[in-house]
Amino acid sequence: MANTGFKDGVRREIRRLGSRKMYIFGMLVVPLVMAFFFLDLLSPGLPNHVPTAVVDLDHSPMSRSVTQSLSALQVIDLSERCESYDEALDRVRQGKIFGFFVIPADFEKNALSGNEPTLEYYSNMTYFVPGTLAFKGFKTVAVATSGGVVQQTLLSLGATPGQISSMVQPLSLDIYGLHNPWMSYSIYLCPSFTMATFVLMIMLMTVFSITIEIKDGTSPQWLDAAKGNIWVALASKLLPQTVIFAATGIFIQWLFFGLSHFPLNGSLGWMLVATLLAVVASQGVGVFICSVVPNPRLALSLTSLFGILSFSFTGFSFPVESMYGFLAIFSYLAPIRYWFLIYINEALNGVGLYYSRYYFVALIVLPLVACTLLGRLRRACLKPVYVP
Amino acid sequence: MCLDMNIFTKISQWSSAFGRVFRNELRLMVHDVGVLLFFVGLPLAYPIVYTLIYNPEVVRKLPVAVIDDSRTAASRDFVQRASASPSIDIYAYCNDIPEAKRLMAEKKVFGVMEIPSDYGRNIAAGEQAHVSFYSDMSLLLRYRTFVSALTDLQIEVIQDITSEKIAASGLGSLAGDMTAPIDSKSNILGDTEQGFASFVIPGIVILILQQSMLLGICLLGGTSAERRRRNGGIDPQQTVAPASATVWGRALAYTVFYFPMTVYILRFIPEMFNLPHYGNPVDYLLFILPLLLATAFMGQALNYFMKERESGFILLVFTSVMFLFLSGLTWPRYAMSDLWLWAGNCIPAVWGVEGFIRINSNSASLAEVSTAFSALWILAAVYMVAAIVATWKIDRRKSR
């Protein structure tokens, strides 16, 4: 076999990777620390026990029983008793509570005399998740209290218990969250955010390792080692990194599906293939950015911009189809978007490979597109110009 | 230093060194395109981009498949009521679960409503009827939208059926209006429209302030480290000054430079996009001052690790994601373990998000966010000391 300089290039790259702590930090430490961070932070699944307050202006047996029903809820923690609306609102502004429930004066009297008293509850939606949980808890108790009074009144009027239950609760509606019945935030957020951080680091390290050669003026020597062939040069530079990233990526999958028992309703094999393809596709995007702007600061700025924004526009929290079209289009350029869609199909919903076929194709096409500008990168490497 | 030098001379020397550093740092900043991109471009553009991403605010007309095994007037009425909800769009009727599942796998629908064959009979017979709904869980926002729409729907249907039944049973004449003996009213505080941008942007802008400033400072620091290496340990662009004067001079330069950015981000962005902005500008601008100072010091402390111009990209960019979570915007802080709570306590933006959101969206006063305000001043003091130590150590590197 002719000596293409590939082996020399690989050896050269391994030496370079070992020579600076920053490579270890960016390629191994950050992805693993962030995986641990998300898994540990979100491990409770749901942030139950939302700090809330009750404002009891009635002090009657009935109001006390409402307070008791509130305390019995798991989603909220009735951590405070306030004497007035103003006091409770103050506690919200101070951030001590995320909502409160007001039982008006003469509540019991009005309820029993048919004067329709109003239970009011306040949820602070400036924090979405605790606000929503508080809202849910409050609503449950408000509806149940109303039902309870109807029940009591009917009972006192001589209705039978059977009659009552169908009158009060004539329709039950069960809502099932498919494959995540616990509404776990961990299952929902960990895979996407861990992998998006991982992909961000792959792109940054790829761009850094290439453009730093241009900055330091070592790029001609790098191409020399590959006998002037940019394909060989890139392959020998990126392959050692691919191996490290692939190992990290597979380890992260083990953290998800092995250690944390996240739902895996489809095939682990295809998840691993998707992860490996996402690694290569991210390297490809990095190479593409280097070719467009062969300057370390600009290329890294562009990569950071793209990587950080992809957390938002790939639609982990807000759906792409609800975004403006000119922004949604960027999501198609982000490797993490395809990995995320495959994760949803393959791991979470287990709907079969057929439905993910285009996502796999996209992950394969992305690095190929990246190769179209290699000539430009080669010229930049041969005559390295460093613009600070 | 002379022993007989009096304190006034020292102060005046320190101030003139401080002034020189301040002017020199401003000069370095405005002559570096990279720094300007972080200090001006990023704070100008990011809030707009983020708001545009989330500006559609709410998810509407989520496609749903219906399996109506009852095929009665009652079940048709139920489906019709569901389709009247702004959140739900009846995309298709399916014959069975597999057919609905296929639509779901193709992402044509995100929910399946199943009305069993006994629905109409149960309603007519006065027995409890059941409806099942299956929601896709790839995005919790969709699930949340379904739950909220369906719960309202359920309450509406129940009230109608109950009032009919009570009227029919004759008990109604005895008890008056009994369908709702107790009224309930939900009030939403802060983000009253419950929009996604309104919720997320006031927090994100604080992170943008901190992260853009840190990136810019570390770009300056890394560039200075490179000059040092090229010039035998001395940065020719740097003013000779005591470490404390250097740290304060720079911090003031960054803070002064950031002031117009801060007004733009905190005052005009929420107004421009009609996001909640109930706060008093005096309150939040005063509140944000220690955040800017703490960040300016923190960046200088981090410069200890910045060996070259591009180091910040590798060492800092990913932290934005971590800080976003530590701030409690996504996952509330009361549910965090001590480890992450304390990690968050060390980050200015974490307190900044907490305080600014309360002022901006809950119209809290400065006094009501005093915990966050004090924490920011403490962080400013701690990072100032760290910055002085770091600067002193960096200066000593040349003698090695």
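In which sense do β1(A) and strand β2 (residues 76-82) of chain A pair, and over how many bridges? The two strands pair in the parallel sense over 6 bridges, where pairing requires that DSSP finds at least two bridges between the strands. Strands (E, at least two residues) and helices (H or I, at least four residues) are DSSP runs, numbered from the N terminus. The model is predicted, so local features need pLDDT of at least 70 and side-chain atom pairs count only at pLDDT 80 or more, while totals for chains, interfaces and linings use all residues. Residues are numbered from 1 along each chain as its sequence is written, and chains are lettered from A and ligands numbered from 1 in the order in which they are written.

Let us stay with strand β1 (residues 50-56) of chain A. Of its 7 residues, 6 are buried, meaning that 20 or more other C-beta atoms, placed from the backbone, lie within 10 Å of the residue's own. Val54(A) stands opposite Arg81(A) in β2(A). β1(A) also pairs in the parallel sense with strand β3 (residues 99-103) of chain A, over 4 bridges; here Asp56(A) has Ile103(A) as its bridge partner.

Now for a pair of helices. Helix α6 (residues 128-156) and helix α7 (residues 161-168), both of chain A, pack at an angle of about 150° with their axes 10 Å apart; axes are lines fitted to C-alpha atoms over the stretch in contact, and angles run from 0 to 180 degrees between N-to-C directions. By class, this contact has 6 nonpolar, 2 polar and no charged residues (Ala, Val, Leu, Ile, Met, Phe, Trp, Tyr, Cys and Pro count as nonpolar, Asp, Glu, Lys and Arg as charged, and the others, Gly among them, as polar).

Key:
A residue is buried if 20 or more other C-beta atoms lie within 10 Å of its own, exposed if 12 or fewer, and partly exposed in between; C-beta atoms are placed from the backbone.
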